[in-house]
Amino acid sequence: RALADRLGHALQNGEIIPFFQTQHFADGWEVAGVEVLARWDHPNEGILSPHVFLPIAQQLGMEAELDRVIFESAVTAVEQLRAQGLTVPRVAFNVSAPRLLAPDFLATVADAIPQGRDGYVFEILESISCEDAGDALIFVIDALRDLGFQIDVDDFGSGHASINGVLEIEPDALKIDRNIVMPLGDSERAERMVASVLDMARSLDVDVIAEGVDRARKAELLRDMGCDILQGFFFSRPMSVADLDVFLRRGF
Ligand code: G
Ligand code: G
Ligand code: MN
Ligand code: NA
(Lines give C-alpha, C1' and ligand atoms only; values in the text may rest on other atoms or scores of the structure.)
(Ligands and ions follow the chains in the order given, each with its own letter.)
Protein backbone atom coordinates (compact mmCIF):
# COMPACT_ATOMS: atom_id res chain seq x y z
CA ARG A 1 0.00 0.00 0.00
CA ALA A 2 2.57 2.51 1.14
CA LEU A 3 4.78 1.67 -1.84
CA ALA A 4 1.89 2.05 -4.28
CA ASP A 5 1.06 5.46 -2.81
CA ARG A 6 4.63 6.66 -3.31
CA LEU A 7 5.46 5.25 -6.76
CA GLY A 8 4.26 8.25 -8.77
CA HIS A 9 6.32 10.56 -6.59
CA ALA A 10 9.30 8.21 -6.86
CA LEU A 11 9.14 8.24 -10.67
CA GLN A 12 9.10 12.04 -10.72
CA ASN A 13 11.85 12.43 -8.17
CA GLY A 14 14.58 10.23 -9.51
CA GLU A 15 14.09 7.35 -7.06
CA ILE A 16 13.59 4.88 -9.93
CA ILE A 17 17.08 4.37 -11.28
CA PRO A 18 18.95 2.06 -13.62
CA PHE A 19 21.45 -0.42 -12.23
CA PHE A 20 23.87 -2.11 -14.61
CA GLN A 21 25.29 -5.63 -14.73
CA THR A 22 28.26 -6.13 -17.01
CA GLN A 23 28.46 -8.66 -19.83
CA HIS A 24 31.85 -10.04 -20.91
CA PHE A 25 33.26 -11.67 -24.02
CA ALA A 26 33.73 -15.35 -23.20
CA ASP A 27 37.14 -15.12 -24.81
CA GLY A 28 39.36 -12.77 -22.80
CA TRP A 29 36.63 -11.45 -20.47
CA GLU A 30 36.69 -7.87 -21.82
CA VAL A 31 33.48 -5.91 -21.20
CA ALA A 32 30.96 -6.63 -23.98
CA GLY A 33 28.23 -4.42 -22.53
CA VAL A 34 25.69 -4.05 -19.77
CA GLU A 35 22.17 -5.19 -18.94
CA VAL A 36 20.05 -2.37 -17.51
CA LEU A 37 18.11 -3.45 -14.40
CA ALA A 38 15.60 -1.11 -12.75
CA ARG A 39 15.81 -0.33 -9.03
CA TRP A 40 13.81 1.81 -6.61
CA ASP A 41 16.22 3.77 -4.43
CA HIS A 42 13.70 4.20 -1.62
CA PRO A 43 14.56 6.73 1.11
CA ASN A 44 13.42 4.39 3.94
CA GLU A 45 13.47 0.90 2.44
CA GLY A 46 16.81 1.02 0.62
CA ILE A 47 17.30 -0.42 -2.85
CA LEU A 48 14.16 -2.29 -3.94
CA SER A 49 14.00 -5.01 -6.61
CA PRO A 50 11.75 -4.84 -9.67
CA HIS A 51 10.02 -7.96 -8.34
CA VAL A 52 8.58 -5.63 -5.68
CA PHE A 53 7.66 -2.55 -7.72
CA LEU A 54 7.08 -3.69 -11.33
CA PRO A 55 3.79 -5.42 -10.45
CA ILE A 56 2.71 -2.22 -8.67
CA ALA A 57 3.65 -0.09 -11.68
CA GLN A 58 1.67 -2.47 -13.90
CA GLN A 59 -1.40 -2.34 -11.66
CA LEU A 60 -1.30 1.46 -11.50
CA GLY A 61 -0.77 1.92 -15.24
CA MET A 62 2.62 3.51 -14.60
CA GLU A 63 4.79 1.04 -16.48
CA ALA A 64 5.13 3.25 -19.57
CA GLU A 65 6.41 6.06 -17.37
CA LEU A 66 8.77 3.65 -15.62
CA ASP A 67 10.15 2.49 -18.98
CA ARG A 68 10.65 6.10 -20.09
CA VAL A 69 12.50 7.00 -16.89
CA ILE A 70 14.75 3.92 -17.09
CA PHE A 71 15.50 4.30 -20.83
CA GLU A 72 16.30 8.01 -20.54
CA SER A 73 18.45 7.78 -17.43
CA ALA A 74 20.35 4.71 -18.64
CA VAL A 75 21.08 6.28 -22.04
CA THR A 76 22.27 9.49 -20.38
CA ALA A 77 24.53 7.53 -18.02
CA VAL A 78 25.99 5.28 -20.71
CA GLU A 79 26.59 8.13 -23.16
CA GLN A 80 28.43 10.05 -20.41
CA LEU A 81 30.69 7.05 -19.81
CA ARG A 82 31.28 6.67 -23.55
CA ALA A 83 32.09 10.38 -23.87
CA GLN A 84 34.87 9.82 -21.33
CA GLY A 85 36.38 7.14 -23.54
CA LEU A 86 35.01 4.12 -21.67
CA THR A 87 33.88 1.21 -23.84
CA VAL A 88 30.31 -0.03 -23.48
CA PRO A 89 29.62 -1.91 -26.71
CA ARG A 90 26.08 -3.12 -25.93
CA VAL A 91 23.33 -1.80 -23.65
CA ALA A 92 20.43 -4.21 -23.11
CA PHE A 93 16.99 -3.21 -21.80
CA ASN A 94 14.34 -5.56 -20.48
CA VAL A 95 10.81 -5.05 -21.69
CA SER A 96 7.67 -6.72 -20.41
CA ALA A 97 5.31 -8.45 -22.83
CA PRO A 98 2.42 -6.03 -22.23
CA ARG A 99 4.65 -3.00 -22.81
CA LEU A 100 6.23 -4.44 -25.93
CA LEU A 101 2.79 -4.92 -27.44
CA ALA A 102 1.31 -1.63 -26.17
CA PRO A 103 0.36 0.85 -28.93
CA ASP A 104 2.55 3.58 -27.40
CA PHE A 105 5.68 1.48 -26.91
CA LEU A 106 7.50 2.53 -30.08
CA ALA A 107 6.80 6.19 -29.37
CA THR A 108 8.19 5.82 -25.83
CA VAL A 109 11.33 4.21 -27.23
CA ALA A 110 11.78 6.76 -30.00
CA ASP A 111 11.33 9.66 -27.52
CA ALA A 112 13.62 8.27 -24.84
CA ILE A 113 16.48 6.83 -26.89
CA PRO A 114 17.99 9.10 -29.56
CA GLN A 115 18.35 7.39 -32.91
CA GLY A 116 21.80 6.68 -34.24
CA ARG A 117 23.11 5.47 -30.89
CA ASP A 118 25.09 2.27 -31.22
CA GLY A 119 24.64 -1.00 -29.42
CA TYR A 120 21.21 -0.61 -27.84
CA VAL A 121 19.37 -3.90 -27.41
CA PHE A 122 15.93 -5.03 -26.26
CA GLU A 123 15.66 -8.32 -24.39
CA ILE A 124 12.41 -10.01 -25.29
CA LEU A 125 11.17 -12.87 -23.14
CA GLU A 126 11.20 -16.27 -24.73
CA SER A 127 7.71 -16.84 -23.33
CA ILE A 128 6.26 -14.11 -25.54
CA SER A 129 7.84 -15.43 -28.72
CA CYS A 130 5.58 -18.46 -28.70
CA GLU A 131 2.49 -16.91 -27.14
CA ASP A 132 0.94 -16.37 -30.51
CA ALA A 133 1.45 -12.67 -30.17
CA GLY A 134 1.81 -13.22 -33.89
CA ASP A 135 1.71 -10.31 -36.30
CA ALA A 136 1.70 -7.63 -33.59
CA LEU A 137 4.94 -9.01 -32.18
CA ILE A 138 6.66 -9.26 -35.55
CA PHE A 139 5.52 -5.73 -36.39
CA VAL A 140 7.03 -4.18 -33.27
CA ILE A 141 10.26 -6.17 -33.61
CA ASP A 142 10.69 -5.08 -37.22
CA ALA A 143 10.01 -1.47 -36.19
CA LEU A 144 12.62 -1.69 -33.39
CA ARG A 145 15.14 -3.04 -35.92
CA ASP A 146 14.32 -0.14 -38.28
CA LEU A 147 15.05 2.22 -35.38
CA GLY A 148 18.48 0.56 -35.06
CA PHE A 149 17.97 -1.73 -32.07
CA GLN A 150 19.18 -5.29 -31.67
CA ILE A 151 16.90 -8.00 -30.28
CA ASP A 152 17.94 -10.67 -27.76
CA VAL A 153 15.66 -13.48 -26.62
CA ASP A 154 15.84 -13.52 -22.79
CA ASP A 155 15.41 -16.51 -20.46
CA PHE A 156 15.93 -18.88 -23.38
CA GLY A 157 15.46 -22.50 -22.39
CA SER A 158 13.20 -21.68 -19.45
CA GLY A 159 10.60 -24.02 -20.83
CA HIS A 160 8.40 -22.03 -23.17
CA ALA A 161 10.66 -22.73 -26.13
CA SER A 162 9.17 -22.49 -29.55
CA ILE A 163 11.71 -22.91 -32.30
CA ASN A 164 9.23 -21.42 -34.76
CA GLY A 165 8.73 -18.35 -32.61
CA VAL A 166 12.45 -17.80 -32.32
CA LEU A 167 12.97 -18.41 -36.04
CA GLU A 168 10.39 -15.76 -36.80
CA ILE A 169 12.00 -13.17 -34.53
CA GLU A 170 15.47 -13.77 -36.02
CA PRO A 171 17.18 -12.54 -32.84
CA ASP A 172 20.70 -11.16 -32.72
CA ALA A 173 21.39 -13.28 -29.65
CA LEU A 174 19.84 -15.95 -27.45
CA LYS A 175 20.28 -15.45 -23.72
CA ILE A 176 20.40 -18.79 -21.93
CA ASP A 177 18.32 -18.80 -18.75
CA ARG A 178 20.32 -18.79 -15.54
CA ASN A 179 18.43 -21.81 -14.22
CA ILE A 180 20.26 -23.86 -16.86
CA VAL A 181 23.60 -22.09 -16.47
CA MET A 182 23.89 -22.10 -12.68
CA PRO A 183 23.89 -25.92 -12.22
CA LEU A 184 26.64 -26.33 -14.86
CA GLY A 185 29.41 -28.53 -13.57
CA ASP A 186 27.08 -30.48 -11.23
CA SER A 187 24.40 -31.38 -13.71
CA GLU A 188 24.78 -33.36 -16.89
CA ARG A 189 21.28 -32.34 -17.83
CA ALA A 190 22.24 -28.65 -17.64
CA GLU A 191 25.29 -29.35 -19.80
CA ARG A 192 23.17 -31.11 -22.42
CA MET A 193 20.66 -28.23 -22.40
CA VAL A 194 23.42 -25.66 -22.92
CA ALA A 195 24.96 -27.80 -25.67
CA SER A 196 21.65 -28.04 -27.50
CA VAL A 197 21.03 -24.29 -27.27
CA LEU A 198 24.51 -23.76 -28.70
CA ASP A 199 23.81 -26.23 -31.53
CA MET A 200 20.63 -24.44 -32.39
CA ALA A 201 22.28 -21.02 -32.19
CA ARG A 202 25.05 -22.12 -34.54
CA SER A 203 22.53 -23.37 -37.07
CA LEU A 204 20.67 -20.04 -36.84
CA ASP A 205 23.92 -18.06 -36.84
CA VAL A 206 23.03 -16.10 -33.68
CA ASP A 207 25.24 -15.25 -30.71
CA VAL A 208 24.72 -16.94 -27.36
CA ILE A 209 24.83 -15.10 -24.04
CA ALA A 210 24.90 -17.06 -20.78
CA GLU A 211 23.59 -15.41 -17.62
CA GLY A 212 24.01 -16.66 -14.06
CA VAL A 213 27.74 -17.28 -14.56
CA ASP A 214 28.77 -17.25 -10.92
CA ARG A 215 32.06 -19.20 -10.98
CA ALA A 216 35.27 -18.98 -13.00
CA ARG A 217 35.05 -22.63 -13.97
CA LYS A 218 31.58 -22.09 -15.43
CA ALA A 219 32.94 -19.17 -17.45
CA GLU A 220 35.71 -21.44 -18.77
CA LEU A 221 33.35 -24.33 -19.52
CA LEU A 222 30.91 -22.03 -21.36
CA ARG A 223 33.75 -20.54 -23.41
CA ASP A 224 34.98 -24.02 -24.32
CA MET A 225 31.43 -24.99 -25.32
CA GLY A 226 31.23 -21.99 -27.66
CA CYS A 227 29.27 -19.30 -25.78
CA ASP A 228 30.01 -15.79 -27.01
CA ILE A 229 29.14 -13.54 -24.06
CA LEU A 230 28.90 -14.21 -20.30
CA GLN A 231 27.05 -12.41 -17.50
CA GLY A 232 26.82 -13.26 -13.82
CA PHE A 233 27.98 -12.72 -10.27
CA PHE A 234 31.47 -14.07 -11.10
CA PHE A 235 32.00 -10.91 -13.15
CA SER A 236 29.78 -8.38 -11.36
CA ARG A 237 26.56 -7.82 -9.46
CA PRO A 238 24.07 -5.26 -10.73
CA MET A 239 25.53 -1.87 -9.69
CA SER A 240 24.89 1.86 -9.72
CA VAL A 241 26.28 4.07 -12.49
CA ALA A 242 28.92 5.38 -10.07
CA ASP A 243 30.10 1.82 -9.38
CA LEU A 244 29.97 0.98 -13.10
CA ASP A 245 32.23 3.96 -13.80
CA VAL A 246 34.79 2.60 -11.31
CA PHE A 247 34.43 -0.97 -12.66
CA LEU A 248 35.00 0.12 -16.27
CA ARG A 249 38.08 2.19 -15.38
CA ARG A 250 39.61 -0.61 -13.39
CA GLY A 251 38.71 -3.36 -15.86
CA PHE A 252 37.87 -6.93 -14.90
O1 G B 1 17.67 -7.25 -11.34
P2 G B 1 16.79 -8.33 -10.85
O3 G B 1 17.33 -9.69 -10.82
O4 G B 1 16.19 -8.00 -9.49
O5 G B 1 15.57 -8.34 -11.88
C6 G B 1 14.45 -9.09 -11.63
C7 G B 1 13.60 -9.17 -12.88
O8 G B 1 13.12 -7.87 -13.26
C9 G B 1 14.36 -9.71 -14.09
O10 G B 1 13.56 -10.71 -14.67
C11 G B 1 14.48 -8.56 -15.01
O12 G B 1 14.39 -8.95 -16.36
C13 G B 1 13.31 -7.68 -14.63
N14 G B 1 13.63 -6.28 -14.87
C15 G B 1 14.66 -5.57 -14.39
N16 G B 1 14.65 -4.30 -14.83
C17 G B 1 13.56 -4.20 -15.64
C18 G B 1 12.98 -3.14 -16.41
O19 G B 1 13.49 -2.01 -16.47
N20 G B 1 11.86 -3.42 -17.11
C21 G B 1 11.27 -4.64 -17.08
N22 G B 1 10.15 -4.82 -17.79
N23 G B 1 11.77 -5.66 -16.38
C24 G B 1 12.91 -5.46 -15.66
O1 G C 1 15.22 -12.26 -16.08
P2 G C 1 16.50 -11.57 -16.35
O3 G C 1 17.40 -12.37 -17.21
O4 G C 1 16.35 -10.20 -16.91
O5 G C 1 17.21 -11.44 -14.93
C6 G C 1 18.35 -10.67 -14.73
C7 G C 1 18.73 -10.86 -13.29
O8 G C 1 19.48 -12.04 -13.08
C9 G C 1 19.60 -9.75 -12.77
O10 G C 1 18.84 -8.80 -12.13
C11 G C 1 20.51 -10.39 -11.77
O12 G C 1 20.24 -9.97 -10.44
C13 G C 1 20.23 -11.88 -11.91
N14 G C 1 21.53 -12.54 -12.03
C15 G C 1 22.50 -12.23 -12.92
N16 G C 1 23.58 -13.01 -12.74
C17 G C 1 23.30 -13.82 -11.68
C18 G C 1 24.06 -14.84 -11.02
O19 G C 1 25.20 -15.15 -11.34
N20 G C 1 23.42 -15.47 -9.99
C21 G C 1 22.15 -15.15 -9.61
N22 G C 1 21.60 -15.80 -8.59
N23 G C 1 21.41 -14.20 -10.23
C24 G C 1 21.98 -13.53 -11.25
MN1 MN D 1 17.09 -9.85 -18.86
NA1 NA E 1 17.14 -14.38 -18.05
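**Figure 1. The shell around ligand 1 holds 7 nonpolar, 4 polar and no charged residues.** The close-up is taken from a predicted model. Surrounding ligand 1 are Leu-37, Ala-38, Ser-49, Pro-50, His-51, Leu-54, Ile-70, Asn-94, Val-95, Ser-96 and Pro-238. Two elements, β2 (31-42) and α2 (50-59), each supply at least two residues of this shell. The most comes from α2, which gives 3 residues.

**Figure 2. The shell around ligand 2 includes charged residues.** Ligand 2 has 14 residues around it. They divide into 4 nonpolar, 5 polar and 5 charged. Those that come nearest are Leu-37, Gly-212, Asp-214, Gly-232 and Phe-233.

**Figure 3. Helices α3 and α5 pack roughly parallel to each other.** Two packed helices are described by the angle between their axes and the distance between the axes. Here the helices shown are α3, residues 63-83, and α5, residues 105-112. Their axes come within 9 Å. The axes cross at roughly 25°. Angles under 35 degrees count as roughly parallel, so α3 and α5 fall into that class. Their crossing is right-handed. On the α3 side, the contact is made by Ala-64, Asp-67, Arg-68, Phe-71, Glu-72 and Val-75. On the α5 side, Thr-108, Val-109 and Ala-112 take part. The residues of this contact divide into 5 nonpolar, 1 polar and 3 charged.

**Figure 4. Trp-29 has a positive phi although it is not a glycine.** The phi of Trp-29 is about 65°. Trp-29 sits in the loop between β1 (16-25) and β2. It has 17 C-beta neighbours inside 10 Å. A residue is buried at 20 or more such neighbours and exposed at 12 or fewer, so Trp-29 counts as partly exposed.

**Figure 5. Glu-170 is another non-glycine residue with a positive phi.** Its phi is about 50°. Glu-170 lies in the loop between α8 (163-169) and β7 (173-176). Inside 10 Å, Glu-170 has 14 C-beta neighbours. Because of that count, Glu-170 is classed as partly exposed.

Conventions: Residues are numbered from 1 along each chain as its sequence is written. Chains are lettered from A and ligands numbered from 1 in the order in which they are written. This is a predicted model: local features need pLDDT of at least 70, side-chain atom pairs count only at pLDDT 80 or more; totals for chains, interfaces and linings use all residues. A residue is near a molecule or strand if its C-beta atom, placed from the backbone, lies within 6 Å of it. Ala, Val, Leu, Ile, Met, Phe, Trp, Tyr, Cys and Pro count as nonpolar, Asp, Glu, Lys and Arg as charged, and the others, Gly among them, as polar. Helices (H or I, at least four residues) and strands (E, at least two) are DSSP runs, numbered from the N terminus. Axes are lines fitted to C-alpha atoms, for helices over the stretch in contact, and angles run from 0 to 180 degrees between N-to-C directions. Angles under 35 degrees count as roughly parallel, over 145 as roughly antiparallel, 65 to 115 as roughly perpendicular and the rest as oblique. A crossing is left-handed if the near helix is turned anticlockwise from the far one by less than a right angle, and right-handed if clockwise. Two residues are in contact if their C-beta atoms, placed from the backbone, lie within 7 Å.
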